[in-house]
Amino acid sequence: MATMYDVPADDLIEALADDLEERLDEPDWGKFAKSGVANELPPEQEDFWATRAASLLRKVADRGPIGVERLSTEYGGAKGGSNRYQVAPDKRADGSKNLIRTILQQLEEEDLVETAEGEGRRITAEGQSLLDDTAGEVLEELDRPELERYA
């Protein structure tokens, strides 16, 4: 049986996003919200909400229990220094905590993630099963000979 570690992350996230797109509803403000302080505009992807939810589910499974603060640091980026002359070096900026928190709450409602008191969020058995099943499907669809040993 394939696990999430046996397939490339981008292929797994893309397949998970297709499944989560039907299960999660993007809020009205979702298409207008920036994904972090360092960004000037909101994301342009059509399926951004589902893709970010799939990515968050994979990160919680990999690094859990993990909190919103740590996740926001991981989804952050570099914000430009001085606006006037662009001489100051870039500074670190976090990702949007509201976006991450809202997606995690939706994943909790779907019973894919649970809250560990004082530790953050961790994956449930149903969430792990979804990840492993999706990884198995992705592995079957991939035409890469170096991954055949996992099938």
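Student: Which residue in the hairpin of β3 and β4 takes a positive phi?
Tutor: G118 does, with phi near 75°. The hairpin has 3 residues between its strands. This is a predicted model, where local features need pLDDT of at least 70, side-chain atom pairs count only at pLDDT 80 or more, and totals for chains, interfaces and linings use all residues. Residues are numbered from 1 along each chain as its sequence is written, and side-chain values use heavy atoms, leaving out hydrogens and water.

Student: What makes β3 and β4 a pair?
Tutor: Two strands pair if DSSP finds at least two bridges between them. Strands β3 and β4 (residues 120-123) have 4 bridges. They therefore count as paired, in the antiparallel sense. A116 stands opposite G120 in β4.

Student: How many helices and strands are there in the protein?
Tutor: There are 5 helices and 4 strands. Both are DSSP runs, numbered from the N terminus: helices are H or I with at least four residues, strands are E with at least two. Along the sequence the pattern reads α-α-α-β-β-α-β-β-α.

Student: Why is the contact of R23 and D19 called a salt bridge?
Tutor: A salt bridge needs a side-chain nitrogen of Lys or Arg within 4 Å of a carboxyl oxygen of Asp or Glu. For R23 and D19 the N to O distance is 3.6 Å. That is within 4 Å, so the name applies. The two residues are 4 apart in helix α1 (residues 9-23), which means about one helical turn between them.

Student: What makes the contact of E110 and R23 a salt bridge?
Tutor: Their side chains come to 3.3 Å, N to O. E110 lies in the loop between α4 (97-109) and β3 (113-116), whereas R23 is in helix α1, so this pair ties together parts that are 87 residues apart in sequence. E110 is partly exposed, at 25% relative accessibility.

Student: Where does E126 lie, and how far apart in sequence are the parts that R23 and E126 tie together?
Tutor: E126 is in helix α5 (residues 125-141), and the parts are 103 residues apart in sequence. The salt bridge of R23 and E126 is 3.7 Å, N to O. E126 has 38% relative accessible area, so E126 is partly exposed. Through shared partners, salt bridges join D19, R23, E110 and E126 into one network. The whole structure holds 10 salt bridges.

Student: Which residues form the negative surface patch?
Tutor: D10, E14, D18, E21 and E22 form it. Patch residues have over 30% relative accessible area and no salt bridge, and like charges are joined within 9 Å. Asp and Glu count as negative.

Student: How do you know that E14 is exposed?
Tutor: E14 has a relative accessible area of 54%, so E14 passes the cut-off for exposed. E14 is found in helix α1.

Student: What makes Q106 buried?
Tutor: Q106 has 13% relative accessible area, so Q106 falls on the buried side. Q106 lies in helix α4. Its C-alpha is 33 Å from that of D143, 37 residues away along the chain. Buried residues make up 40% of the 151 residues.

Student: Which peptide bond is cis?
Tutor: The bond from G64 to P65 is cis, with omega near -5°. P65 sits in the loop between α2 (48-63) and α3 (68-74).

Student: Which residue has a positive phi although it is not a glycine?
Tutor: D111 does, at about 65°. D111 is in the loop between α4 and β3. With 41% relative accessible area, D111 is partly exposed.

Student: What does the C-alpha trace span along its principal axes?
Tutor: The span is about 55 × 40 × 30 Å.

Notes: Buried means under 20% relative accessible area, exposed over 50%, partly exposed in between (1.4 Å probe, protein chains only). Patches are made of residues with over 30% relative accessible area and no salt bridge: like charges are joined within 9 Å, nonpolar side chains (Val, Leu, Ile, Met, Phe, Trp, Tyr) within 5 Å. Accessible areas come from the Shrake-Rupley method with a 1.4 Å probe; for residues, only the protein chains shown count as cover. The place of a charge is taken as NZ of Lys, CZ of Arg, CG of Asp or CD of Glu.
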